[in-house]
Amino acid sequence: MSKAPVPTLVELLADSPKNWGKWGPDDEVGSLNYLDDAQALRGASEIKSGKTFTLQVQMGHPDGDPVWPGRTGATRYNIMDRGNYLGGNGVVFDGAMEYADDVMIMFLQGSSQYDALGHVWYGDQIYNGYPAETTTGGLKKCSVLPIAERGVVGRGILLDIARYRGKDVLGRGETFDHNDLMAAAKSQGVEIQKRDILLVRTGWIGAFYTTPREEFYKDFIEPGLTYSPELVSWFHEMEIPNLVTDTIANEVTTDPVSGVVLPLHSALMRNLGVTFTEIIALDALAEDCAKDKQYTFLYTAAPLKVVQGTGAPVNPIVVK
Ligand code: UVW
């Protein structure tokens, strides 16, 4: 039997909701607009003990960094250190201070990072209807810079799907949807509220560090959220500003129903302006939440201020 043809995103998302124009014709931060001062206070009101967690994966890890196939992890090398001084070519200052200096080369999406809203598009338009041509040579619209200038502060909620399913890590290509997010929340004794920042744990990035590389990348398909019109409506109605996950792409790599690759990047990010935060380390936070049963907290983050960037590294901070 021949396979059904894979629809284009224009076809698949013909009736999908959009937030274009909702925050004016010049908007470049989309659903982050939901995070007003009241949301920062709502997040702060979740602080109970002061316990703090940083959520970036290590950058330039000696065993390699988890990246989307085709990208490479960050490489860092010294350009000045004690060796230069011993070799007679160290920079000498009056007073004889010596120093070490280094350079890092990386994909801006090659570590824990915020995607810019202009990172993906279809049908010749990016978020808010700007022409796709504005991405040529650097994002003139919807780069990561406006997100970085603004910052992200609100109530975060951890949804530990792996634990909810009784697993350390979800399987390759294993899917879940908004009903599973709500069911996981219920099993944790919490409720997802409007404008919550969702932190969804699959165990996948943690497993990267203990899985042979060939096995991790073989027939690359991550577990994750899967597209349906109902899921998109739920994100829209719940006014979700930011989706944060411990996978490389925040959704199952290929939608098992339509065959489309990464449809939520378009349905949520390009159409609703939901900000995506990827490759996030959630295992330590999840372990603590399971112990103290506190799954909600203050979430704060700001990616680096990269002018015209398609994304930028970030080290989010959670305070419980
Ligand atoms: C791609 O760019 C393909 O994915 P991501 O948003 O995970 O970087």
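**Around the ligand**

Analyst: This is a predicted model. The shell around the ligand holds four nonpolar, three polar and three charged residues.

User: Which residues are around the ligand?
Analyst: They are Trp 68, Arg 71, Gln 109, Asp 115, His 119, Ile 248, Ala 249, Leu 262, His 265 and Glu 278.

User: How far is the side chain of Arg 71 from an oxygen atom of the ligand?
Analyst: An N or O atom in the Arg 71 side chain sits 2.8 Å from a ligand oxygen. For Gln 109, a side-chain N or O atom is 3.3 Å from an oxygen atom of the ligand. Glu 278 has a polar side-chain atom 3.1 Å from a ligand oxygen.

User: And how much of the ligand's accessible area does the protein cover?
Analyst: On its own the ligand has 260 Å² of accessible area, and the protein covers 89% of that.

User: New topic. Which residues of helix H11 are buried?
Analyst: H11 runs over residues 283-292, and Leu 285, Ala 286, Asp 288, Cys 289 and Ala 290 are buried there.

User: What do those buried residues pack against?
Analyst: Several elements. Among the strands are S1 (52-54), S5 (152-160) and S7 (197-201). Strands S11 (296-301) and S13 (317-319) are also packing partners of the buried H11 residues, and so is helix H5 (161-164).

User: What comes just after H11?
Analyst: Lys 293, with a positive phi of about 60 degrees.

User: Where is Glu 287 found?
Analyst: Glu 287 is in helix H11. Its relative accessibility is 41%, so Glu 287 counts as partly exposed; buried would need under 20% and exposed over 50%.

User: How far is Glu 287 from Asp 160?
Analyst: In sequence, 127 residues apart. In space, the C-alpha atoms of Glu 287 and Asp 160 are 9.7 Å apart.

User: Switching to rings. How many aromatic pairs are there?
Analyst: The structure has ten aromatic pairs. One is Phe 93 with Tyr 99: their ring centres are 5.7 Å apart.

User: Which rings link into a cluster?
Analyst: Ring pairs join Trp 68, Trp 204, Phe 208, Tyr 209, Phe 216, Tyr 217 and Phe 220. Trp 68 is also one of the residues around the ligand.

Technical notes. Residues numbered from 1 in each chain as written. Predicted model: local features only at pLDDT ≥ 70, side-chain atom pairs only at ≥ 80, totals over all residues. Heavy atoms only, no water. Near = heavy atom within 4 Å. Polar contact = N/O pair within 3.5 Å; in protein donor to acceptor, adjacent residues only side chain to side chain. Areas by Shrake-Rupley, 256 points an atom, 1.4 Å probe, with all protein chains shown as cover. Nonpolar A, V, L, I, M, F, W, Y, C, P; charged D, E, K, R; others polar. Buried < 20%, exposed > 50% of the residue type's maximum accessible area, 1.4 Å probe, protein only. Helix = DSSP H or I, 4+ residues; strand = E, 2+ residues; numbered from the N terminus. Contact = heavy atoms within 4.5 Å. Phe/Tyr/Trp six-rings, centres within 6.5 Å; stacked < 30°, edge-to-face > 60°.
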